[in-house]
Amino acid sequence: METTIFGKKDIILKKATLLFTKYGTQSLSMDDIANECGVSKRTVYKYFQNKADLINQIIGIKITRFQENLEDITMKSKNAVVELHWFFMYYKEVISSYSPTFLRDLKRSELIFYVKYSNINNEIILPFFLKNIKRGQLEGLYKQDLDQEEMSQSVLNMLSYIFTENSLAHIENTYGTLDFFGKLLMHRLVTVEGLDELNAQNS
């Protein structure tokens with residue numbers, strides 16, 4: 001019985017995530033969510049107090065999953081160059097899952113959730129880059145004269161500029177911008193030994 005209960009909640013979360021990230025939060029009602037999930041609205045309200053609660057849980061799951069995936073990248077990468085290369089590949093996958101409408105709705109109508117989601121930058125991405133740069137320097141693959149904090153903050157600023165509702169409206173151009181920025185960053189970071197590893201990743 002418990003499996004069925006949790007299964008229904010998981011289905012609602014999964015379907016609602018797809019709908020919200022594609023169409024935004026404002027144009028969808030709890031009736032729409034229930035219909036898409038093939039359940040009654042009463043069933044939806046059994047697990048979520050209201051639409052705000054549903055959005056909050058979805059964002060919480062996405063934040064947790066993002067952090068877990070970065071930890072997985074760190075654990076499986078053989079060195080800092082590979083780790084950073086995989087990060088940019090994963091980041092492209094992440095931004096492609098959002099629509100401009102979703103970000104616009106969060107920013108304009110669901111500000112509390114937008115702020116919560118934006119905290120990913122300072123609480124997850126910034127520490128990731130700080131650790132990556134330190135790792136690369138210890139491995140001899142990154143230059144020793146890099147200012148770790150300044151470099152990490154610059155990367156974060158650039159990613160924040162790239163990940164906006166306007167850029168997502170032209171996703172192919174955004175991919176190109178992200179690739180270009182990633183290459184510039186890597187060449188700024190790496191030593192001669194690191195460049196060999198970087199060329200191996202790009203070949």
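Let's start with contacts, meaning heavy atoms within 4.5 Å. Among contacts in this chain between residues at least 6 apart in sequence, 73% join residues at least 24 apart. Before I go on, please keep in mind that this is a predicted model, where local features need pLDDT of at least 70, side-chain atom pairs count only at pLDDT 80 or more, and totals for chains, interfaces and linings use all residues. Residues are numbered from 1 along each chain as its sequence is written, and side-chain values use heavy atoms, with hydrogens and water left out.

Now the overall picture. The chain has eleven helices and zero strands; both are DSSP runs numbered from the N terminus, with helices being H or I over at least four residues and strands being E over at least two. Read from the N terminus, the order of elements is simply α-α-α-α-α-α-α-α-α-α-α. The C-alpha trace spans about 60 × 40 × 30 Å along its principal axes.

What about the surface? The chain exposes about 11300 Å², with carbon and sulfur atoms supplying 53% of that area. These accessible areas come from the Shrake-Rupley method with a 1.4 Å probe, and for residues only the protein chains shown count as cover. Of the 203 residues in the chain, 43% are buried. Buried means under 20% relative accessible area, exposed means over 50%, and partly exposed is in between, using a 1.4 Å probe and protein chains only.

On to charge. Lys and Arg count as positive, Asp and Glu as negative, and His and the chain ends are not counted. The chain carries 24 positive and 25 negative charges, and their mean positions are 7 Å apart. Each charge is placed at NZ of Lys, CZ of Arg, CG of Asp or CD of Glu.

Let me take you to helix H5, which covers residues 80-96. Its 17 residues reach 24 Å from the first C-alpha to the last, close to the 24 Å expected at 1.5 Å a residue. That expected span is 1.5 Å times one less than the number of residues. How many of the residues of H5 are buried? Twelve of the 17 are, so the helix is largely enclosed by the rest of the structure. Among them are Val 81, Leu 84, Phe 87, Phe 88, Tyr 90 and Tyr 91, and also Glu 83.

The whole structure has six of them. Glu 83 is buried, at a relative accessible area of 3%. Its salt bridge is with Arg 135, and the closest N and O atoms are 3.6 Å apart. This pair links distant parts of the chain, since Glu 83 is in helix H5 and Arg 135 is in helix H7 (residues 111-138), 52 residues apart.

H5 has another charged pair to show you. Lys 92 forms a salt bridge with Asp 179, with the closest N and O atoms 3.3 Å apart. Lys 92 is in helix H5 and Asp 179 in helix H10 (residues 171-189), so this pair ties together parts 87 residues apart in sequence. Salt bridges that share partners also join Glu 83, Arg 135 and Glu 139 into one network. As for accessibility, Lys 92 is partly exposed at 23%, and Asp 179 is partly exposed at 34%.

Next, helix H4. Lys 76 and Asp 72 meet through their side chains in a salt bridge of 3.3 Å, N to O. They are four residues apart in H4, which means about one helical turn separates them. Lys 76 is exposed, with 55% relative accessibility, while Asp 72 is partly exposed, with 29%.

Lys 62 also lies in helix H4, residues 51-76.

Leu 138 lies in helix H7 and is exposed, with a relative accessible area of 78%. Leu 138 and Val 81 are 57 residues apart in sequence, and 12 Å apart in space, C-alpha to C-alpha. Phe 163 lies in the loop between helix H8 (148-162) and helix H9 (165-168), and counts as buried at 18% relative accessibility.

Note on methods. A salt bridge is a side-chain nitrogen of Lys or Arg within 4 Å of a carboxyl oxygen of Asp or Glu.
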